[in-house]
Amino acid sequence: MKNIRMKVARTEMDLSQEELAKRVGVSRQTIGLIELGKYNPSLNLCIAICKTLSKTLDELFWED
């Protein structure tokens, strides 16, 4: 399932995939794959992304 919420949060903060990747310590490709729903990030990576985007785990990663 695509992670549209993460992409929206990233673009609202005016961050490119590359900028977010640098802040959380992964490659741009990893961020792209997470947004496409083709990569399941570790909990530590999810937390780092949430902190960077000022969102909670529920807001970005919880499926309804």
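Student: Is Thr-52 buried or exposed?
Tutor: Keep in mind that this is a predicted model. Thr-52 has a relative accessibility of 18%, and because the cut-off for buried is under 20%, Thr-52 counts as buried.

Student: Which helix is Thr-52 in?
Tutor: Thr-52 belongs to helix α4.

Student: And what does the side chain of Thr-52 reach?
Tutor: The backbone oxygen of Ala-48, at 2.8 Å.

Student: Leaving out residues up to four places away in sequence, what does Thr-52 touch?
Tutor: Met-13, Leu-15, Leu-20, Arg-23 and Val-24.

Student: OK, zoom out to α4. Which residues of α4 are buried?
Tutor: Leu-45, Cys-46, Ile-49, Cys-50, Thr-52 and Leu-53. They sit on the same side of α4, because the arc they cover around the axis is only 165 degrees.

Student: Why would residues three or four places apart point the same way?
Tutor: Because an α-helix has 3.6 residues a turn.

Student: What do the buried residues of α4 pack against?
Tutor: They pack against α1, α2, α3 and α5. The face turned away from that buried side has Leu-43, Asn-44 and Lys-51 as exposed residues.

Student: What happens just after α4?
Tutor: Ser-54 comes there, with a positive phi of about 55 degrees.

Student: Switching to α2. Which of its residues are buried?
Tutor: In α2, which covers residues 17–24, they are Gln-17, Leu-20, Ala-21 and Val-24. Their arc around the axis is only 100 degrees, so they fall on the same side of α2.

Student: Which residues are exposed on the other side of α2?
Tutor: Lys-22 and Arg-23 are exposed there.

Student: And what covers the buried residues of α2?
Tutor: The cover includes α1 (4–12), α3 (28–36) and α4 (43–53).

Student: At what angle do α2 and α3 pack?
Tutor: About 110 degrees, with the axes 8 Å apart. That angle makes α2 roughly perpendicular to α3.

Student: Which residues meet there, between α2 and α3?
Tutor: From α2 you have Gln-17, Glu-18, Leu-20, Ala-21 and Val-24, and they meet Arg-28, Ile-31, Gly-32 and Glu-35 from α3. By class, that contact of α2 with α3 has four nonpolar, two polar and three charged residues.

Student: What about α1 and α3, how far apart are their axes?
Tutor: They are 7 Å apart, and the two helices pack at an angle of about 130 degrees. So α1 is oblique to α3.

Student: Which residues of α1 meet α3?
Tutor: Met-6, Lys-7 and Arg-10, and on the α3 side they meet Ile-31, Ile-34 and Glu-35. The contact of α1 with α3 divides into three nonpolar, no polar and three charged residues.

Student: Last topic: where is Glu-59 found?
Tutor: Glu-59 is in helix α5, which spans residues 57–61. With a relative accessible area of 40%, Glu-59 is partly exposed.

Student: What lies 2.7 Å from a polar atom of the side chain of Glu-59?
Tutor: The backbone nitrogen of Thr-56.

Student: And how many residues apart along the chain are Glu-59 and Met-6?
Tutor: They are 53 residues apart along the chain, with a separation of 8.5 Å between their C-alpha atoms.

Note on methods. Residues numbered from 1 in each chain as written. Predicted model: local features only at pLDDT ≥ 70, side-chain atom pairs only at ≥ 80, totals over all residues. Heavy atoms only, no water. Helix = DSSP H or I, 4+ residues; strand = E, 2+ residues; numbered from the N terminus. Buried < 20%, exposed > 50% of the residue type's maximum accessible area, 1.4 Å probe, protein only. Polar contact = N/O pair within 3.5 Å; in protein donor to acceptor, adjacent residues only side chain to side chain. Arc of directions from axis to C-beta. Contact = heavy atoms within 4.5 Å. Axes fitted to C-alpha atoms, helices over the stretch in contact; angles between N-to-C directions. Parallel < 35°, antiparallel > 145°, perpendicular 65-115°, else oblique. Nonpolar A, V, L, I, M, F, W, Y, C, P; charged D, E, K, R; others polar.
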